[in-house]
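Here are a few exercises on packing and chain contacts, each with a worked solution. Have your viewer open and try each task before reading on.

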Amino acid sequence: MPTNAPTAAHSLSDVTSSDSTLRRFLHGLPGVDAVGLEARAAALGTRSIKTTAKAYAIDLAISMVDLTTLEGADTPGKVRALGAKAVRPDPTDRTTPATAAVCVYPDMVAVAKEAVAGSGVKVASVATAFPAGRAALEVKLADVKDAVAAGADEIDMVIDRGAFLAGRYLKVYDEIVAVREACGTSARLKVIFETGELSTYDNIRRASWLGMLAGADFIKTSTGKVAVNATPANTLLMLEAVRDFRAQTGIQVGVKPAGGIRTSKDAIKFLVLVNETAGEDWLDNHWFRFGASSLLNDLLMQRQKLATGRYSGPDYVTVD
Amino acid sequence: MSIEKRSSAFEYAPAPESRSIVDIAPSYGLFIDGEFVEAADGRVFKTVSPSTEEVLSEVAQAGAEDVDRAVKAARKAFEKWSALPGSERAKYLFRIARIIQERSRELAVLETLDNGKPIKETRDADLPLVAAHFFYYAGWADKLDHAGFGPSPKPLGVAGQVIPWNFPLLMLAWKIAPALATGNTVVLKPAETTPLSALFFADICRQAGLPKGVVNILPGYGDTGAALVAHPDVNKVAFTGSTAVGKQIARTVAGSRKKLTLELGGKGANIVFDDAPIDQAVEGIVSGIFFNQGQVCCAGSRLLVQESIQDELLDSLKRRLSTLRLGDPLDKNTDIGAINSEEQLARITTLVEQGEAEGAERWSPACELPSSGYWFAPTLFTNVTQAHTVARDEIFGPVLSVLTFRTPDEAVAKANNTPYGLSAGIWTEKGSRILAVANKLRAGVVWSNTFNKFDPTSPFGGYKESGFGREGGRHGLEAYLDV
Amino acid sequence: MSDRLSVLKTYKLYVGGKFPRSESGRVYEVTDHKGKWLANAPQSSRKDARDAVVAARKAFGAWSGATAYNRGQVLYRVAEMLEGRKSQFVHEVADAEGLSKSKAADQVEATIDRWVWYAGWTDKIAQVVGGGNPVAGPFFNLSSPEPTGVVAVLAPQESSFLGLVSVLAPVIATGNTAVLVASEKAPLPALSLGEVLATSDVPGGTVNILSGRTAEIAAPLAAHQDVNAIDLAGADEALAKELEIAAADNLKRVLRPQPVDDWFASPGLDRMTAFLETKTVWHPTGSLGASGSSY
């Protein structure tokens with residue numbers, strides 16, 4: 001199965017031939033009942049993951065973390081520390097898996113690349129005038145090319161929410177296609193919808209399909225920069241979308257909830273969502289990621305607790 | 001370091017709820033006039049855990065003489081209980097509600113052991129609803145003048161109540177809470193396969209200081225119930241159970257002054273239109289027929305799906321059924337527990353075999369059944385028509401019959417084409433279609449874009465042969481008032 | 001008094017908006033309280049009862065589906081039509097019940113007023129007995145009364161007109177259709193009422209009126225699987241018990257006979273609620289803005 005989908009699947013290729021066909025398609029997707037969706041997410045949240053299953057889930061979650069720093073105050077020193085942490089999250093326990101990636105701004109890609117060199121940890125870079133995405137397409141593409149040139153393995157782009165909410169779906173689509181192209185063959189593309197700004201579940205489902213049609217390798221909830229980021233419900237909805245997209249086209253797309261996932265308990269709930277919605281094919285860091293920073297330390301403390309039987313504390317994990 | 005992928009990626013380890021929270025005595029008596037007593041003729045019966053066939057306890061079996069004793073105790077208690085200011089009765093009920101909340105984990109585990117349903121359901125559905133029901137009716141006790149039944153509506157007297165095994169404690173709450181709030185006293189017979197939670201409730205009545213004789217609990221079989229509803233000094237009969245027994249009770253009370261309410265069987269239609277929110281509809285279908293192993297009178301046991309989306313919906317549904325986890329009811333991750341009794345399992349099996357013999361297509365997900373206990377895999381029947389037995393008879397098990405329709409008119413006609421009329425579901429994103437179809441469905445509860453929701457404020461009960469009278473809400477008071 | 005020979009009325013049943021004779025061809029003598037012959041009334045058979053149920057079922061969809069306002073207008077129209085034929089009914093009620101003209105007039109006037117009372121109820125009862133339920137969750141939940149369906153009504157034996165209308169009007173005000181069995185010994189006001197209903201915009205089949213032996217007609221009605229409810233007002237204790245047992249076969253809603261001292265008294269709601277079902281409809285609400293993406 002191809003990991004990248006540079007063009008829309010053949011069966012859906014006519015969908016994007018015009019603004020009106022695209023609109024008809026997106027608005028023809030089944031609606032989402034908010035209460036039912038949230039109830040399902042909450043019900044899966046009551047799964048009780050204990051002992052061996054918990055140990056497995058914690059390691060899996062660690063391996064799925066895109067360890068992130070996206071601050072105006074980021075420095076090379078900060079990024080190097082982050083890279084070291086990603087490669088070896090728990091210096092006291094070498095059996096701890098590395099995280100999937102570090103996620104930084106484009107100007108920090110080179111530093112990050114060096115910090116994780118040879119570890120298998122990827123470098124992801126936000127681009128396209130992150131987080132607002134309010135810039136000309138040329139600027140956004142330059143942003144992407146810059147990051148790719150610096151060695152980024154993955155690009156986390158933001159969609160034009162303004163265009164989406166104004167109903168200009170083809171504009172959003174074309175922009176994703178252009179960014180996809182700018183990523184070349186080396187970088188995987190994550191498309192951030194900023195679900196908190198799309199506001200309705202129907203919009204999130206439409207955006208998911210739009211992103212997948214345009215060639216996203218991952219669909220991602222949020223930037224982490226608005227009030228509402230990843231929730232179990234919006235992630236469940238996106239998992240349904242990738243599941244259905246693969247059933248229809250044969251193309252598998254990954255999912256990345258980002259922002260607001262801080263505890264092991266939360267992370268395990270998301271893994272249960274993956275397991276019981278998209279299925280085990282997605283239970284792998286090639287197909288599922290957590291965009292997070294503080295989550296990692298909680299996972300590490302839980303991991304220590306399972307290993308030793310004692311509750312751990314913040315002094316026993318690194319602050320980087 | 002990367003994670004080794006397991007053969008089955010994410011097996012949940014066993015997560016059993018602790019059984020030690022509940023202490024089941026080796027034997028229980030009848031609860032009459034505030035005391036646990038032996039049956040007059042000394043008879044007892046065993047109650048078993050349907051998931052393991054383990055004997056949980058031995059319970060006294062009430063006979064006609066015990067019924068008479070209990071009714072006398074309730075009659076004696078009625079005078080003072082009905083004369084209490086409503087505000088005092090209210091406080092007893094609030095106490096009961098609170099004690100139930102305090103002991104809810106214990107009661108949930110007990111109910112799961114005696115009934116076989118998953119702890120997830122007893123913990124998250126049954127017990128919260130039980131407490132809420134007492135809390136709701138507690139508040140009515142001193143407000144009856146304002147309930148719309150005229151000034152100072154009077155209680156009826158002694159209520160004889162017979163409840164089923166599918167929601168033992170919840171059905172008890174639905175019966176006892178409104179009866180006590182309105183000033184009646186109660187003789188209640190729990191089902192023979194699930195007597196324990198009612199006997200624990202007797203203990204809660206003692207903890208709450210409820211006056212003796214106000215609540216009497218008589219475990220027993222059908223003959224105990226028959227004696228209770230036939231007792232000449234019973235003023236009110238409330239029954240939840242099968243339609244056949246409901247009819248027999250209606251004949252028994254004919255010509256008397258006993259007020260009667262019946263909450264009986266159903267064959268609910270869950271109608272899915274082509275513009276439904278499909279993922280939520282699938283959840284609603286699953287909850288509609290697999291909640292409590294389908295042993296629910298208002299189950300959505302007939303899926304009416306618009307023909308144009310049949311394949312898509314069935315694919316989704318089958319995929320979803322494959323994720324259901326069947327097994328130890330005490331495991332917190334169990335979705336499907338045990339069938340309540342050997343007898344019920346035999347009935348389900350017979351009807352399902354009949355469905356196959358009549359040419360319906362049977363499907364179940366791959367699913368290993370435990371070697372002891374009473375189990376039935378989640379089952380779908382496709383190629384079902386209105387003429388099939390599985391589309392007409394209440395199976396009361398985890399068995400869904402799938403039928404198709406072409407137009408809303410046809411959906412309504414098929415949905416209503418049953419002697420029952422308890423529940424129905426509608427799935428569509430079009431508001432006017434919901435209202436039009438809901439209006440035409442002959443059913444007491446219509447869930448649109450949801451299913452199997454219950455609330456103490458919301459009246460529940462059937463049309464046609466699903467019974468009469470309503471339980472819950474302001475409406476539920478009427479059954480216990482002389483109006 | 002002139003010597004002119006008056007034209008006698010042939011009393012007929014009222015079924016499906018038409019005025020048939022009993023299919024059995026039978027009639028029975030109706031006399032006044034002193035035993036004087038008044039008329040021959042049709043003596044309905046079980047087949048007449050069956051035909052009436054078929055007519056009532058056929059009419060149920062349109063009558064229950066009519067707007068409550070429209071049903072109120074129709075019921076008020078009945079009152080208007082009765083007002084115009086008051087003297088006929090005073091005469092019939094006086095004969096039937098052995099009342100003086102003025103006493104009979106009191107009965108007829110109260111009867112007309114009763115139609116007015118129920119005409120006003122059609123579009124109010126739902127607000128009084130239905131409403132929203134504040135469920136603990138994100139759901140809109142509404143309980144509404146709906147008519148039970150086809151209701152068999154055994155009219156009171158003594159009060160041939162006021163009693164009759166007091167049991168009939170609440171049944172149809174709430175959207176049910178009725179098969180009405182007239183007072184056995186005083187059926188004439190009931191049969192004449194059929195003529196009024198036929199000219200009052202009451203759709204055919206909404207009310208069907210049978211005369212004859214109450215026990216004979218009531219038995220097939222109580223056992224009929226397509227009758228949803230039965231009002232036993234006109235049955236004695238033994239018959240009522242027998243009918244209630246038969247009614248259990250399809251779990252009819254049964255209104256047992258209750259002693260009525262005074263048909264003039266305000267009727268209350270009971271006779272309407274006896275033949276109303278409560279339907280509760282749920283729908284998720286969602287909650288605006290609670291989590292940013294919850295609708």
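**Exercise 1: a helix pair in chain A**

The axes of helix 6 (residues 137-149) of chain A and helix 8 (residues 169-183) of chain A come within 9 Å and cross at roughly 30 degrees. Axes are lines fitted to C-alpha atoms, for helices over the stretch in contact, with angles from 0 to 180 degrees between N-to-C directions; helices (H or I, at least four residues) and strands (E, at least two) are DSSP runs numbered from the N terminus. This is a predicted model, where local features need pLDDT of at least 70 and side-chain atom pairs count only at pLDDT 80 or more, while totals for chains, interfaces and linings use all residues. Residues are numbered from 1 along each chain as its sequence is written, and chains are lettered from A and ligands numbered from 1 in the order in which they are written.

Task: classify how helix 6 of chain A and helix 8 of chain A are oriented to each other.

Solution. 
- Angles under 35 degrees count as roughly parallel, over 145 as roughly antiparallel, 65 to 115 as roughly perpendicular and the rest as oblique.
- Helix 6 of chain A and helix 8 of chain A are therefore roughly parallel.

**Exercise 2: a helix pair across chains**

Task: work out how helix 2 of chain A lies relative to helix 9 of chain B.

Solution. 
- The axes of helix 2 (residues 34-44) of chain A and helix 9 (residues 278-290) of chain B come within 9 Å, crossing at roughly 60 degrees.
- That makes helix 2 of chain A oblique to helix 9 of chain B.
- G36(A), L37(A) and R40(A) meet Q280(B), E283(B) and G284(B) in this contact.

**Exercise 3: chains B and C**

Task: find which element gives the most to the side of chain C that touches chain B.

Solution. 
- Chain C puts 26 residues into the contact and chain B 31.
- Strand 10 of chain C gives the most to its side, with eight residues.
- Strand 17 (residues 445-448) of chain B pairs with strand 10 of chain C in the parallel sense over three bridges (pairing needs at least two DSSP bridges).
- W447(B) has W282(C) as its bridge partner in that strand of chain C.

Note on methods
Two residues are in contact if their C-beta atoms, placed from the backbone, lie within 7 Å.
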